[in-house]
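Please look at the sequence and the structure below. The explanation that follows goes through the structure step by step.

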Amino acid sequence: IALSARGPRWGGATIALFAAFTALAALSITWSVEPNWSWYGANQLLCCLAVFAGAAGLARTFPDRWRALAGGVAIAATALSGWALLAKVFPAALTPAGDQQYGRLLEPFGYWNATGLAAAIGLPGCLWLADRRDLPRALRSLSVAALTVGIAVVVLSYSRSAALAAVIGLACSLALGRRRLSAALMLAVGAAGALPIVLWA
């Protein structure tokens, strides 16, 4: 961020607040009843802070490349969601023996909330790609299919936090988009494709 062009330091205050919160979490190890879990939580927060600060730095350094970032998040979330569904279809090959007893989607993280949230994070990007008229029709069709996979994973993870994140993310995408009716139609098609998967499961 310091090496980028001069201008307003957007995100700097947010990073500073995040860093202060991470420092407080690390300091809480000294008075924690379970210091080993506090250490674990502080390390998680430190990783999240590094990713957040790195993303802010990339946004500052390459301000015109946000479309590539949004598309990359959508592709990564779809790949993770596809793995989650394949692990449930082929449990003997793709799921650890201890996880096969669960009805929820666990893979690839081993935790249903993480799996559902990964799918939910990708849904707004998939909806954005599906509704872009400047993209080839084949890519837009694949984006609708990605919506189908993501919605199915959010539902089959049985994660309330993932469902809430998906609803908020999609609602913001529809509210802030310019072509709301078209985007809503793409979302409806993706949801209709997810319905047979969910009902079968």
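Predicted model: local features only at pLDDT ≥ 70, side-chain atom pairs only at ≥ 80, totals over all residues.

The mean pLDDT of the protein is 85, and 90% of its residues reach 70 or more. Confidence is highest in helix α1, residues 12–27, at a mean of 92. It is lowest in helix α4, residues 91–94, at a mean of 69.

Next comes the interior. In soluble globular proteins, nonpolar side chains tend to be buried together. In this model the largest nonpolar core has 27 residues. Those with the most contacts inside this core are Leu 105, Leu 123, Leu 127, Val 153 and Val 154. Which elements give two or more residues to this core? They are α3 (66–89), α5 (112–130), α6 (137–156), α7 (160–176) and α8 (180–200). Helix α6 provides the largest share, 8 residues.

Leaving aside its neighbours within four places in sequence, Leu 127 is in contact with Leu 147, Leu 170, Ser 173, Leu 174, Ala 183, Met 186 and Leu 187.

Now consider how α7 and α8 are placed. Their axes come within 8 Å and cross at roughly 150°. Angles over 145 degrees count as roughly antiparallel, and α7 and α8 are therefore roughly antiparallel to each other. On the α7 side, the contact is made by Leu 170, Leu 174 and Ala 175. On the α8 side, it is made by Arg 180, Ala 183, Ala 184 and Leu 187. By class, this contact has 6 nonpolar residues, no polar residues and 1 charged residue.

Two single residues remain. Ser 143 lies in helix α6. Is Ser 143 buried or exposed? Its relative accessibility is 5%, so Ser 143 counts as buried, the cut-off for buried being under 20%. Apart from neighbours within four places in sequence, Ser 143 is in contact with Cys 126, Leu 129 and Ala 130. Ser 143 and Gly 190 are 47 residues apart in sequence, and their C-alpha atoms are 8.8 Å apart in space.

Arg 132 is found in the loop between α5 and α6. With a relative accessible area of 17%, Arg 132 is buried. Setting aside neighbours within four places in sequence, Arg 132 is in contact with Arg 67 and Arg 140.

Definitions and conventions
Residues numbered from 1 in each chain as written. Heavy atoms only, no water. Core = buried A, V, L, I, M, F, W, Y, C linked by side-chain atoms within 4.5 Å. Buried < 20%, exposed > 50% of the residue type's maximum accessible area, 1.4 Å probe, protein only. Helix = DSSP H or I, 4+ residues; strand = E, 2+ residues; numbered from the N terminus. Contact = heavy atoms within 4.5 Å. Axes fitted to C-alpha atoms, helices over the stretch in contact; angles between N-to-C directions. Parallel < 35°, antiparallel > 145°, perpendicular 65-115°, else oblique. Nonpolar A, V, L, I, M, F, W, Y, C, P; charged D, E, K, R; others polar. pLDDT = per-residue confidence, 0-100.
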